[in-house]
Amino acid sequence: MLLKSKFKLATAIGIILSMLSLLVHLFLANYSAGGLTKGSMHMDDVLPFGPRPRPRRLWGPLRKLDHLHPFVHPSKSYAAPSKHNGFIYAKIYGGFEKIQSSICDLVAVARLLNATLVIPEIQATTRAKGISPKFKSFSYLYDEDHFIDALSNDVAIVRGLPRDLREARKKIKFPTVSPRNSATPEYYITQVLPRLVKSKVIGVIVNGGNCLQSILPASLEEFQRLRCRVAFHALRLRPQIQALGSQIVGRLRASGRPYLAYHPGLLRDTLAFHGCAELFQDIHTELIQHRRNQMIKRGTVKEKLTVDSVSRKMAGLCPIMPEEVGLLLQALGYPPTTIIFLAGSETFGGQRMLIPLRAMFANLVDRTSLCSQKELSDLVGPEDPLALDLPQPPPPKSEKQLIEEWKRAGPRPRPLPPPPSRPFYAHEKEGWYGWIGENETEPDASPIEFRRQAHRLLWDALDYFVSVEADAFFPGFHNDGSGWPDYSSLIMGHRLYQKPSGITYRPDRKIVAALFENVSDHRYHPPRNWTIAAREHLNRSAGVEGVVSSAMLSRPVSFLSHPLPECSCRTPKSPAIQPVKDSNGRLLFGGEKECPDWMARSLAMASAKNSEPQNEDYEDELPEDDSRPGMQQESDRSDANKSSEQDEEMDPDD
């Protein structure tokens, strides 16, 4: 009897302990799920909390660039416009990088012509039906009020044309111009200004960015500073984008570690323009070649359809693939626990292209893994529902129709009809690639695709903010040679202006391709001399040598990619820097003016307050141990012809 009582007691205790264990597991599971729902970053297994070392050679700052500081104040001789020659309204086609560059050029053009600038219209948002009515065109990305106030001393800016001129614009009574890529100031003074003075209103159609040449004469130095004031101060993202971007930055740094931003640059238009189709497989190669064929018909590409992609890559004309980026980061010494933020709204090839990089660096995250769906939908705002583009079954036939078809079917006996083809399901038709299984020609963009293009602007703007604030940045494809501004180069220029001493890698893709060609058979276990060569090249690319070499390629295309020396100043006690000039004698580096006294004093106080000892310098010798662990370039060039269509202005009163 006693034995039976002890057995019952042990059973009861076991049941109680099991219930307690189950409750604990349920509590932990609920806690983890709640954290993921809030969009926080849980990586306790790989990144334990606590202070972490921050080696200078991986995260900066760079001593040879820490004497540079942003400075875009106009000189004393800079006066307000003396007269008003009329209004300029503009329609901008293209992605985020083209919009950012075009707005800066338009402000400079308005100042050059002494004209009033109407808030530019972003066509990717005006063509999208049913997007949030809270944000219209320009305000979909930027803060309109801040844009107008910040440039009040430079250019007169209004939200819309006066009511009497608005009706005349809708009836196409005013001339429009579509400036070519990198138009000169003389073009605007000799050809645009007379038409503006005569009609008092003129429209500018900007397709692809760069409506004003990057390098201006020395007499127009103030216009270069004006561009910087527009790009880095006046073009402030709307508060909702800034708030969510700040939250993402906080979540990335919540573990106590810095983070690296990486933009792959794998865009379908870019790959088609440069002929990099053979770097991909299956349907992706066919999609790239189809887009390249379209560019050849429009005259954007003046080459053959099929080119040797391997030779293009060896010449540095194709992106560095994500797998290669992971190997380069390993060669630099970044540990596998490094947090890498994936920027950009499009990665051609999808997640399959990122598998090797994710295998090397498990903490590869993007906006979707750091934000909840509600946070992203709140950024988009309330939108009207669109009709789903689903395949519709054929209408049923009546008995009379079936009998008539039977009579017209021909003599008997006849073979059985073929079995009906398999229907295409909704998930097979989603995205821009869904047409290829049914047709040989790419269909026109549907309403849902126009809306997705507008959403991509938001995601690019959000990732742009996070990439500029990153502790280090690595571009997969910059200075692509197309002649249009690219996303990575704009980020690199913004970082060079805002914090020049931050780590920004500027790899030479031709050198990188040669490095990987030498270890093609054992790239995952390269010899030590290869690792040292790759590390030395990337370290040089982040310093003065990389700034100068990148400037020679990027500055002639986009001033915002290298806003030196006009938009920076140097501290009075900075070390003597040998000025570097290009082949035409224009300064690229080392010609910055001294910062004013008031700024130098504030910088000295801030430096004394924030100075901390560093035990590892970026310029130190390489460690002995090998720390390697185990367009849209031009999505629719035909938009340049949209000026002939009826012009419906974005009415600010609607």
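The side chains of Asp 105 and Arg 227 come together in a salt bridge, with 3.1 Å from N to O; the term denotes a side-chain nitrogen of Lys or Arg within 4 Å of a carboxyl oxygen of Asp or Glu. This pair ties together distant parts of the chain, with Asp 105 in helix α3 (residues 96-112) and Arg 227 in helix α8 (residues 221-234), 122 residues apart. Helices (H or I, at least four residues) and strands (E, at least two) are taken as DSSP runs and numbered from the N terminus. Asp 105 is buried, at a relative accessible area of 4%, and Arg 227 is likewise buried, at 2%. Here buried stands for under 20% relative accessible area, exposed for over 50%, and partly exposed for values in between, with a 1.4 Å probe and protein chains only.

A word on the source is in order: this is a predicted model, in which local features need pLDDT of at least 70 and side-chain atom pairs count only at pLDDT 80 or more, while totals for chains, interfaces and linings use all residues. Residues are numbered from 1 along each chain as its sequence is written, and side-chain values use heavy atoms, with hydrogens and water left out.

Contact is counted when heavy atoms lie within 4.5 Å. The length of α8 also checks out: at 1.5 Å a residue, its 14 residues should span 20 Å, and the end C-alpha atoms are 19 Å apart, which agrees. The expected span is 1.5 Å times one less than the number of residues in the helix.

In total, the structure holds 25 salt bridges. One of them joins Glu 97 to Lys 98, where the closest N and O atoms are 3.4 Å apart. Both partners are buried, Glu 97 at 4% relative accessibility and Lys 98 at 1%. Another salt bridge forms between Arg 159 and Glu 144, with the closest N and O atoms 3.1 Å apart. This pair again links distant parts of the chain, Arg 159 being in the loop between β5 (157-158) and α6 (163-170) and Glu 144 in helix α5 (residues 144-150), 15 residues apart. Arg 159 is partly exposed at 39%, whereas Glu 144 counts as buried at 18%. Elsewhere, salt bridges with shared partners join Lys 313, Glu 323, Glu 324 and Arg 523 into one network.

Two further residues illustrate contacts across the sequence. Ala 331 lies in helix α13 (residues 322-332) and is buried, with a relative accessible area of 0%. Leaving aside residues up to four places away in sequence, Ala 331 touches Trp 530, Thr 531, Ala 534 and Arg 535. The C-alpha atoms of Ala 331 and Trp 530 are separated by 8.7 Å, although these residues are 199 residues apart along the chain. Thr 184, by contrast, is found in the loop between β6 (176-177) and α7 (185-199) and is partly exposed, at 22% relative accessibility. The C-alpha atoms of Thr 184 and Ile 215, 31 residues apart along the chain, are separated by 9.4 Å.
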